[in-house]
Amino acid sequence: MRECTSEEGSDEEWVPETTSSTKRHRVKSSSSEEDTPTPTPKRARLPGRVFSWKRKAGSRDGISWRGREGSSDGISCREKEGISDGISCREKEGISDGISYREKEGISDGISCREREGISDGISYRGRGIIWRETEGSSDGISSQPGKSADPAEKRWYGIDTPDITPRQPIFKPRNAPGPTLIRTASYTPLELFNLFFTNSMLNTIIENTNIKGSTCSTANHPWFDITLQDMFSFMAMLIYMGLLKCSRLTDYWRGGNLYSLPFPKEVMSGRKFLMITHALHLSSPAMDEANDKKKGTAAYDRLGRIKPLYNEMRESCRRNFHPDQDISIDERMLSSKARTGLKKYMKNKPVKWGYKLFVLADSKNGYTWDFFVYEGRTHGNSGMGLSYESVMELVNTRLLGTGYKLYVDHFYTSPALFKDLLQKKIWACGTIHSNRIGFPKTKENSLNSKSPRGTIYWLRQDSLVFVQWRDTRDVHMCSALHTAHSEDTVIRRTKGRDGQWTVKHVSVPPSVKDYNRSMGGVDLSDALIGYYTVLHKTQRWYKTFFFHFMDIAIVNAFLLHKAIDIGKGNKPLSQRAFRETLAQQLAKVGSSSTARPVPPPSTSSPEAHHKPVYISGDSTSGRLKCKHCHAKTPLKCSSCNVALCLVSGRDCYNAWHSANNL
């Protein structure tokens, strides 16, 4: 054994060997003026790798001795230091199982750790490793942040062989009884239910603003005539009819000939008046729009000013006429448009990629749109938690809803912070979650891997939330405040074996996934009901797009009210198509008859009636009208029927029309 001498030695420390090109710094010795090179590591290696020590002093078995220090069994000790079982310890340092530690340093299982250094398997490392600070505690050698307990459940994921607790279930206390807030024993026509959303006062406001807008667009060739409430009913009847029967152009609905000749549009209103109302339709006051436009570029500018009267009234009507059941869902809705406006958004993963984004809260059972708001490009909240958090908090109004609801959202909204705040409002939430979301457990121990079979379930509970990993066709990550981690539930999946044959297999499924698939589709169901017979068509004005969409919301919600009332009375409700057809006919009936084209008189006319052609205005060139039979211009009409008809060589519409109507 080589002894430690009093010769000059270099101060050195144990360092990991990194590379052959290790930088060397000049360090001044404590016992000499001579500079001695000392290695400094470029990068600390992780625990578990082989460590080597470089030295200028003597060595034995890879262990260095410093100058002026004694030796016992090849292990160095400084002056004024004691020896216990051949292992050195400094003054004022304690001994635990022969391993030294400094004052103010924590001990876990007899393993020392320096300040600002971490310990893993008894080996400390700095810098790019994991750092535990002085204020952090330790449990089994693993430290945690202040105020957070190092629960062993956070260290690894658990399988279905480990039981999970059943969380406290919500007690449903709605503000009103779920369902329609109407007299459920009464009978309502489709028109009466529709008027619950489009009230006469709202329509009168639209009519007033439309007349003001139309008067500014009046010309000599196209004069504007003020419309009435009956005209608006006829206009809306035509919009619903166009959703049921699609034509490529609006003018085709009034087109004649063997291929068209649709009787309903001609009886409701003329095509010219329909196009005139469509062109001048305006929801807000033009004077207020002009004042609002002057505020562009400032915080006072209202981007939704042109739809605000109808927008606010529609939201209030949806909340007033129905109360949702316990299961509700929140999702985005895209309103198709390519108008040049800042409200338009692009979502590449949606079926409708360009359009206006709406955040919608719907009943999961029937798809009733209970509340919604239009995304303007910024949020009005000040929590600093982002759009997904703010949108949910704006729609979930416990003052109107009540408590004990089960809310289902997708991965855009789900976050542990949101779910915990909803629990404070007594709303239990469940949804899919991204594995890189803040708050999702980062541990990979015992989690899903490439060899996990289909149906594998791993879970981890943190306080009131449970996180679940499930292997299906793809990996599914869930977060829930109301479910247990696993149960005996299964789903049927078809799998293809090595022989190429398809077999049916029962795959385990977490309760959170099963309930999510059943209750998340409330907004999607509402979108589907709207999309079947939507009244939306292309327009050059963005606010008209919202008028058409609000009509769709009103019709679908009115249909769902009709369905709920009839089922409650034990009657068979109308289908949505039959409901829309009935509504269009009832609106046309209360509409103005002056807007309709003249209809032929009944076939039981008196035989003494004299049918003879006369000039419409007494002149063959002025005052011409479209022929009722061929729709060509003609100066003639029947004196008894008051119908414009052609009577020229090669086009005898006069006699052909009378013969067809037995006149």
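These notebook entries record what I looked up in the structure.

**Entry 1: the model.** I noted that this is a predicted model, in which local features need pLDDT of at least 70, side-chain atom pairs count only at pLDDT 80 or more, and totals for chains, interfaces and linings use all residues. Residues are numbered from 1 along each chain as its sequence is written, and side-chain values use heavy atoms, with hydrogens and water left out.

**Entry 2: the whole protein.** I found 15 helices and 35 strands. Both are DSSP runs numbered from the N terminus: helices are H or I with at least four residues, and strands are E with at least two. Of the 663 residues, 41% are buried; buried means under 20% relative accessible area, exposed over 50%, and partly exposed in between, with a 1.4 Å probe and protein chains only. I took contact to mean heavy atoms within 4.5 Å. Among contacts with a separation of 6 or more, 59% join residues 24 or more positions apart.

**Entry 3: helix H7.** I located H7 at residues 308-320. Its 13 residues reach 18 Å from the first C-alpha to the last, close to the expected 18 Å; the expected span is 1.5 Å times one less than the number of residues. Leu310, Tyr311, Met314, Arg315, Ser317 and Cys318 are its buried residues. They cover an arc of only 165° around the axis, and so lie on the same side of H7. The arc is taken from the directions from the helix axis to the C-beta atoms. Helix H2 (200-216) and helix H13 (542-568) are among the elements covering these buried residues.

**Entry 4: helix H2.** I then turned to H2, where the buried residues include Met202, Leu203, Ile206 and Ile207. The buried residues of H2 pack against H3, H5, helix H6 (286-293), H7 and H13.

**Entry 5: H3 and H5.** I recorded that the axes of H3 (residues 229-244) and H5 (residues 271-280) come within 11 Å and cross at roughly 95°. Axes are lines fitted to C-alpha atoms, for helices over the stretch in contact, and angles run from 0 to 180 degrees between N-to-C directions. H3 and H5 are therefore roughly perpendicular to each other, a term that covers 65 to 115 degrees. Asp231, Phe235, Met238, Leu239 and Met242 in H3 meet Lys273, Phe274, Ile277 and Thr278 in H5.

**Entry 6: Lys425.** I found Lys425 in the loop between helix H10 (416-424) and strand E26 (427-432). Lys425 is partly exposed, with a relative accessible area of 24%.

Conventions
Parallel < 35°, antiparallel > 145°, perpendicular 65-115°, else oblique.
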